[in-house]
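Morning, everyone. Please bring up the sequence and the model on your screens, and we'll walk through them together.

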Amino acid sequence: MSLPITNNDIESNNDSNADRKYKFNLHDKTLPPVLRRLFKTPNSLDFETAIWEMANLIFKPRKTFRSIYYQRQTKNQWARDDPSFFILEITLLTVSSIFWSIFYYHHSFWKCLQSIFNMIFVDFFLFGFVIATLFWVTLNQSKFKFRSAASSSVEWAYCFDVHCNAFLIVLLGLYYVRFLLLPLSAVFGVLIPNILFCSSFTYYFILTFYGYSQLPFLKNISFILFPTVILCLLFIVGLFGVDISGLFGYRNHG
């Protein structure tokens, strides 16, 4: 039995057919489909699915990553072609920045804009660009691919998708939960910021591992989990009063 086809499905299929072979290339002026659809009408966006993905990333992450595999089967591409998830994350970052600016720092309007810029373009985009590029370069090495799939390649767009998925936990832990627990800082000192920092980034790399483990042509990718060991060691160091989150710029957000 076949599922009904909507206009959005047709548009998504057309986008994926045109861009299924897209790979990140500094000399290629073709935008990946997720960015091209940013400039289309809101009717082409699927926020309902994006919210479903966010909820499952928090409570049932494997379910979200299974949907990525199904997308590959139906659209013949790994990366998202719908920027709804991406837009929601930027919205959450903007709201968080406004909360920190108004209720904690009492920023002026221009300082608030600067805070929004830092959270979105430094914490999210710059960090994501660096991480996505590192994994794109690393995982496209032959030693991380099965011999039978040597011609397969990891899309840069998919690497950034993996970052977006994993960063959701960092966003909630360090920007929202941290804000709600600010009154406890006077009692527990650096303990709560350190717990949130180490646990959020530990989950970040676990979700990153889940994301790349969906690609059937990759092997030997357990190294992605190595930072979780370092984070555990940093947490132990933090028990002696060291502000681990502050060392990485996440103690406060201004």
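First, a term. Buried means under 20% relative accessible area, exposed means over 50%, and partly exposed is in between, with a 1.4 Å probe and protein chains only. Now the ground rules. This is a predicted model, where local features need pLDDT of at least 70, side-chain atom pairs count only at pLDDT 80 or more, and totals for chains, interfaces and linings use all residues. Residues are numbered from 1 along each chain as its sequence is written, and side-chain values use heavy atoms, with hydrogens and water left out.

Start with the whole chain. It has 11 helices and 0 strands. Helices (H or I, at least four residues) and strands (E, at least two) are DSSP runs, numbered from the N terminus. Of the 254 residues, 44% are buried. Contacts next, meaning heavy atoms within 4.5 Å. Take those with a separation of 6 or more: 74% of them join residues 24 or more positions apart.

Now the record. The unreviewed UniProt entry annotates "transmembrane region" at residues 85-104, 116-137, 158-177, 183-212 and 224-248. UniProt positions are in the numbering used here, feature names are shortened, and annotations may be inferred rather than shown by experiment. Look at two of these spans. Residues 116-137 are 100% helix and 0% strand, with end C-alpha atoms 30 Å apart. Residues 183-212 are 87% helix and 0% strand, and there the end C-alpha atoms lie 38 Å apart.

On to the rings. How many aromatic pairs does a search of the whole structure find? The count is 29. Rings of Phe, Tyr and Trp (its six-membered ring) pair if their centres lie within 6.5 Å; planes under 30 degrees apart are stacked, over 60 edge-to-face, and the rest tilted. Tryptophan 100 sits in helix H5 (residues 84-105) and phenylalanine 179 in helix H7 (residues 156-180), so the pair ties together parts 79 residues apart in sequence. Tryptophan 100 is buried, at 0% relative accessibility. Phenylalanine 179 is buried too, at 18%.

Then tyrosine 104 and tyrosine 105. Their ring centres are 4.7 Å apart and their planes at 85°, so this pair is edge-to-face. Tyrosine 104 is partly exposed at 34%, and tyrosine 105 is partly exposed at 26%. There is also an aromatic cluster, whose members include Phe86, Phe117, Trp156 and Tyr175.

Next, backbone angles. Most residues other than glycine have a negative phi. Histidine 106 has a positive phi of about 55°. Histidine 106 lies in the loop between H5 and helix H6 (109-139), and is exposed at 62%. Asparagine 220 also has a positive phi of about 55°. Its loop runs between H9 and H10, and asparagine 220 is exposed at 52%.

Last stop, the surface. A nonpolar patch there has about 1200 Å² of accessible area, and its residues include Leu184, Val187, Phe226 and Phe240. Like charges are joined within 9 Å, and nonpolar side chains (Val, Leu, Ile, Met, Phe, Trp, Tyr) within 5 Å. Areas come from the Shrake-Rupley method with a 1.4 Å probe; for residues, only the protein chains shown count as cover. Which helix gives the largest share of the patch? H10, with 5 residues. Valine 187 is in helix H8, and is exposed at 63%.

How values were computed: Patches are made of residues with over 30% relative accessible area and no salt bridge: like charges are joined within 9 Å, nonpolar side chains (Val, Leu, Ile, Met, Phe, Trp, Tyr) within 5 Å. A salt bridge is a side-chain nitrogen of Lys or Arg within 4 Å of a carboxyl oxygen of Asp or Glu.
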